[in-house]
Every structure is written in structure tokens, then in C-alpha cells.
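Please look through the structure shown here with the explanation beside it, taking one region at a time.

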Amino acid sequence: MDYVRLDGAALTLVFACVRGGTADLTYCGARLPEDEVIADLAAAGARGLHESQPDIAPRPGLLPERKGGWSGTPAIELRRGGQRLETDFKAKDWSAGSASIEITFSDHNLGADVVVIWRITKSDVIEVECTITNLSQQELDLVRLAAVSLPVPRRFDEITSFAGRWAGEMRETRRELAPEGFSHKSAGGKPGFGGGNWLILHDGASGEVLGAHLAWSGDYQTCIDCDPPGSADGRAVLQMAAAGDAGLGCLLAASSIKTPKAVLALAPDRSALAQRLHTYLRAEILPRREDWSPRKVHLNSWEALGFDLSQDKLMALAENAAALGIERFVLDDGWFGGRRNDQTSLGDWTVSADVFPQGLGPLIDHVHTLGMDFGLWMEPEMVSPDSDLYRAHPDWCLHVDGRDRPTMRGQLVLDLSRPEVADYLFAALGALLCEHRIAYLKWDHNRDLFPAGGRQTGQTVALYALLRRLRDAHPLVEIESCSSGGARIDYGILRFCHRVWPSDNNDAIERLRIMRAWSQFLPLEVLGSHVGPSPNPITGRRLAMDFRAKVALFGHMGVEADPERMSEAERAILAAHIALYKAWRGVLHQGALHRLDHPDPGVTGLIAVHRDEALALVAQTTFSPVFDAAPVRLAGLERHARYRVTLPEPWPGKARHYLANAGQWRQGLVLSGAALMQHGIALPLTHPETALLIALERLPA
Ligand code: GLA
């Protein structure tokens, strides 16, 4: 038995490797003392045999297989000539640095090696990936290879999982990690609205959490087998894997397939988990995050004009946007080919002469003259059957020869793995980006991949290659990943994107919940957050501008409504919030995000703390059961520091009436971090659908 210890800043992993046997994770938790005797640690966790168990109790370890009596989901599944193969991968070699270990498992009979790599990154996040290599002369079909197989430490006994639908992303449920385990998968060729590629495990006793995610923009399978009969120590096994109808691919002699990375993170509580993951994204995943300029306020034409576009209307919209303080004007769907509705012209990426007789130039110039930059919507991976592209190349879409080509939103999917398709898109997008001053692309994806003829995983790999090519050629252009809202949000696509569209639902009540859920895994600067119209086109709900604007401010703020249809008073409230956003985005987009909890489930809050400043958003969604809501207790402050606390205006209509000391809240109270976090502050949160901002400035000691 060889023990390997890896240390991060606050984290220790201990692996136990047996040559010719298994490799297991003996310890995964807070950093251990330097002089911990690892052999004794392992002995303290060892179990003897119990009844009804194989004589040698099987250890699923880091590469669980159906062997020796273990009955859970195998991490690896191989076929040859359609025949499922019995595998027996044994640990052969391992090498370790201070923060990573690479373990080679070998199945001599099959002639295949699997290399499993665990790495603690500089942000104290764990990345895990596997590579299989076919060392035989015969082809192997790889049906399944989990990116991570985590023997779950026994203290994690509860799970928070996510589920959703279009316009209702990331609804979370917490429950016991019960014997039936957990299983979730997507099948649309992208993570979809299901949310199963994000998980949180909880130690119910201490509050410690373990976050898990698969950094992959295609289909996934997530499963947790709890105490599978035969297991050596009753630990659950969590697996996250990429998936596709035809498995993961064919391994020719001497070829390899690598899984995407799975990401694990440990933290003392959910706020600390969010901060750890945000730090990781900012430092290690997002494209050149350190060079980003302040996140500009967007105006997006979609919920303002839909398909009813003309140069004059767009120019007027741009003028009204600029008057509010908007900094980027995004032209959404409807500007190309014959695209007057959603049933036509995807693939024809040339400017529509009907809408723009002189091309896009005059509109873009106008937008720049107004002091804004310009963004453009595209859906590059798609083709409408009613398009010049489809008429010229009907074979370029994903299809199965001789079978129907069912559409979704009137469209089909291009097969990006065909070099001529990728080249066409690279040239079409490149032409637009070279001819026009375009700062930002909203990259949409509104259809599932069917029938894909087993090409789903290849499609995702080809998408990454296309995005990489475009980023290299146009490094200053920012990209948003949108997929009918949040159907393709993951750490894989975020290597190329600056922002995601968390939901098509701009209803501020829904959005509050959706933003809080996504912000568990993603920092506010990548989460697009727009003020929509009232009534909201999806929910029909009418909400005050003050509430809509405060909710939108806590993200990457934008507006997706026509200012012409707002009252003068609403425009003034919106402009004031845009100014507040500009004043506070440095804090929101670089700060540490803490989740605020309140005894009333109708009250929800977040606070971003950066250096000497902090900004909190506290919202009341339902009618308070009491006249005087419990004080809101803040988080993330320094206990002994003193803070000047103000409630930035504008305030919701009735707040002034209910505030005991309006004047003092304008001027600021001075309170210690300890008082703000323990005692809290009483806010007039008695009306449903109201929100307040709390601004804090740390005073010199
Ligand atoms: C998708 C997006 C929307 C909008 C429309 C345009 O639904 O999620 O934001 O861009 O497409 O067709």
C-alpha cells in the first residue's frame, strides 16, 4: 500500500494505491496537520468484513468496475464488435507532485490503459479527468468513462440537486442522500434545463459542503450509488460523465479519448463554496478575466422590438437607451436573411436588405455616436430548412440518411464536425466581425440535437474548436452563451465566453431565485440580468420598476424593454439604478459573494464584499406574515471594523413611510461588523415585491 498526500491551501487529499490492485481516496477534507501519520489515518477508517459480503470486499475506488461483487454503476464500459467486455483495470503506476497525482490503471487482457488525474488547482478546487488509450491492435468502443468517480466521505449525508425547464432554470431541492441514490442525465446534446450537472453534498452536522460539476457543454450522466451491496465500507460513489447516444467514440489501435474535467470543491458553508468557485472561474477558467473592462450596461432589442425591426426603430431605441445611461446596444434576432419570424433563414448570416437597405453600418455608427458599443445576436450552429444555406447544402445538418428531419423552433442543427461546415461558420462570422465594429456576440442555441446519429459528443468537441478559432482570430470580441436562456451553462463553455444568459425569464421574482441559484456556481459579472417589461411577457406579472431594476442591478445589468413604453417616472427610476450599478459594479464583479439567510422564506438576499466596500440586495417576494420583519443580518464583514451603512435611493414607494429614521439611513449609521452580522438592521420589508440595497463603507480604524 502506497499513500500519496496532496495539499491545497485549505484542503488535503490522501490516496491509497496498491500495485496490481485498486487506488482509493482515503481522505478528502480540510487540511490535515503536516505530521499526520497517514497509515494510522487509513487504519482508523478501515472496516472488517461483515455478513453477506464477498470474502475480499470490493473497493470501487477511483475507477469503479463490476468486479469482485461490487454492484454499482461501472465508471468504464467498453464494447468490441457490439459485445460488452468484462473489464479488470488494476493500478499499475502512479506519480505525484505536491498538488496532483496521475494513476495509470491497466487491463492487460484487453490491452487498454486508463490514466486518472486528480489535481488541486491554485484556487483550491479539485479537477479530475481520465484518459483511456487502446494499446491493442483491435478497435474498442468506449461507451462510458466517468470523468470523476468520487468515493463520497461518509459525513456527507444530504444532497442539493437542481432541476428546471425553459424559463424556470435551477430550482433546487435538498434531501437526504438516501439509499436509492441519485441519477440525472441530459439527452439534448447539451446540459439543457435539467441542472443535473451541478450538485452540492452537505455534511448535515457541520454545514460543510462539497460542490460537484462536469465542465462539459454536451450531454452528461450524473449518478450517486449509495452503499451498493458488496461495497467495502458503505461509502456512496458519485460519478459525473459525458454521454452520447453512441457512447464516447471508437478507439482505434494506439488512440486515446480524454474525458472532460469534473470539478469538485470543499467549503465550510454555501457562501464559502460560492466564493471558492468564483475565484476558480475568475483566475483559471474565464478568458483573460484579468483584462476585462467594467461590465457594460446592455440594452437588448428582443423584448423591446422582437422581430419588428427597422433601421429607424432601432436608431430610436438606441437613442432612448443612451439617454438612460446604457453602454452597449445589442441587436437581437431578426437582422439577417429573410428572418421576419423564427421559422426561417438561420444559416444565412448576411444582413437583411429589407430591414437595413444600407447594411448595418449606419445603425452601428449611430450606436457609436451615442457613446455605446454594439453587440449582435447569432445562432451559428443552426440552419432553417427555409434558408439558402440549407437549399445549397441539405447534407450539412445532423440527420440520419433516409429518416425524417424533425424540426424544433423550425430549425435543424449543423454538423460542426464536418470541416466544411466549421469553415463556413468561421468565414461567415469572421466577415461580420471584420466588416463591422462588433464588440459582443450573443451566441444562441435554441434546439436539441436530434436525430444526431450518435454524433453528440463530436459536436461539442467541434463547437469548442470553432469557439477557440474565433477567439484567437477576434480576441477582443466578447461572447455570451445563451441557449433559450440557461440550457448551455457550464465551465466548459465558459473558457470561451464572458457571460451567460441565465434565463429567458426576466420576471424579477423568478429572476431573484434563478440568479441566487446560478450565483452558487458563477460570479455575478458573468450572469446577464435584465430589466424586462411589465407585464412580463412570460409570466404576465406586473412589477414596479424599482423592484425590477434593483434585482437586475445584482448581476451584469441590462435592459430588455422599450424605454418609450415606460412612464417618465419609470425611466427616471431606471436611470438612477443604472447609475447605481455603474458606481457599484466594481464591488459586485470582484467581490466575495455571501448568501444572506432570513427567518422569513419570502426574504432573500445577497451581499458582495470587496475591500472597504460592500453592497447587499435584500428582497421581499411575498406578503410578510408579521408587521415588522426580523432584522436582516449581514455577512462577510470584519467583526471589529466599523462601517457606515446607508440605504441607497431610490427607495421603493412605501419604504419612506415605514422607515423609522429616513434621514439617518441617508446620512449613514455607523456600526461594527459584529453588530451588522449578529444584530442586523430592521428594514421596511412589509410589502411583497419590494427590495432594498444596503451600502457599506468601512471606516478607517
Ligand atoms: C432565444 C433567446 C432569447 C432571444 C431569442 C431570439 O429564445 O434565449 O433571448 O434571443 O432566442 O430568437
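The paragraphs that follow go from the ligand to the surrounding loops, and then to strands, helices and aromatic rings.

This is a predicted model, in which local features need pLDDT of at least 70 and side-chain atom pairs count only at pLDDT 80 or more, while totals for chains, interfaces and linings use all residues. Residues are numbered from 1 along each chain as its sequence is written, and side-chain values use heavy atoms, with hydrogens and water left out.

An oxygen atom of the ligand lies 2.9 Å from an N or O atom in the side chain of Arg409, an oxygen atom of the ligand is 3.0 Å from an N or O atom in the side chain of Asp444, and a polar backbone atom of Gly485 is 3.3 Å from a ligand oxygen. Taken alone the ligand exposes 310 Å², and the protein buries 96% of that area, as computed by the Shrake-Rupley method with a 1.4 Å probe.

How covered is Arg409: buried, partly exposed or exposed? Arg409 counts as partly exposed because its relative accessibility is 28%, given that buried means under 20% relative accessible area, exposed over 50%, and partly exposed in between (1.4 Å probe, protein chains only). Ser52 also has a positive phi, near 55°, in a residue other than glycine; Ser52 lies in the loop between helix H1 (38-45) and strand S4 (76-80), and at 75% relative accessibility it counts as exposed.

Loops also hold two cis peptide bonds. One runs from Phe450 to Pro451, with omega near -15°, and Pro451 is in the loop between strand S26 (440-443) and helix H8 (456-473). Another runs from Ser534 to Pro535, with omega near 0°, and Pro535 is placed in the loop between S29 and H10.

Leu145 is in strand S10 (residues 140-151) and counts as buried, because its relative accessibility is 0%. The C-alpha atoms of Leu145 and Ala75 are separated by 5.4 Å, although these residues are 70 residues apart along the chain. Leaving aside neighbours within four places in sequence, the contacts of Leu145 (heavy atoms within 4.5 Å) include Leu63, Ala75, Val114, Ile132 and Leu248. Thr133, found in strand S9 (residues 126-134), is buried with a relative accessible area of 19%, and its side chain makes a polar contact with the side chain of Ser256 at 2.8 Å. A polar contact is a pair of N or O atoms within 3.5 Å; within protein, one must be able to donate a hydrogen and the other to accept it, and residues adjacent in sequence count only if both atoms are side-chain atoms.

Among the helices, H10 (residues 545-553) is mostly covered, with 9 of its 9 residues buried. These buried residues pack against several elements, including helix H9 (508-518), helix H11 (568-590) and strand S33 (613-620). In helix H2 (residues 270-285), the buried residues include Leu273, Leu277, Tyr280 and Ile285, and Asp269 caps the N-terminal end of H2, with a side-chain oxygen 3.1 Å from the backbone nitrogen of Ser271.Aromatic rings complete the picture, with 15 aromatic pairs found in the whole structure. Phe336 and Trp349 form a tilted pair, 4.4 Å centre to centre with 45° between the planes; rings of Phe, Tyr and Trp (its six-membered ring) pair if their centres lie within 6.5 Å, and planes under 30 degrees apart count as stacked, over 60 as edge-to-face and the rest as tilted. Both Phe336 and Trp349 are buried.

Terms used: Helix = DSSP H or I, 4+ residues; strand = E, 2+ residues; numbered from the N terminus.
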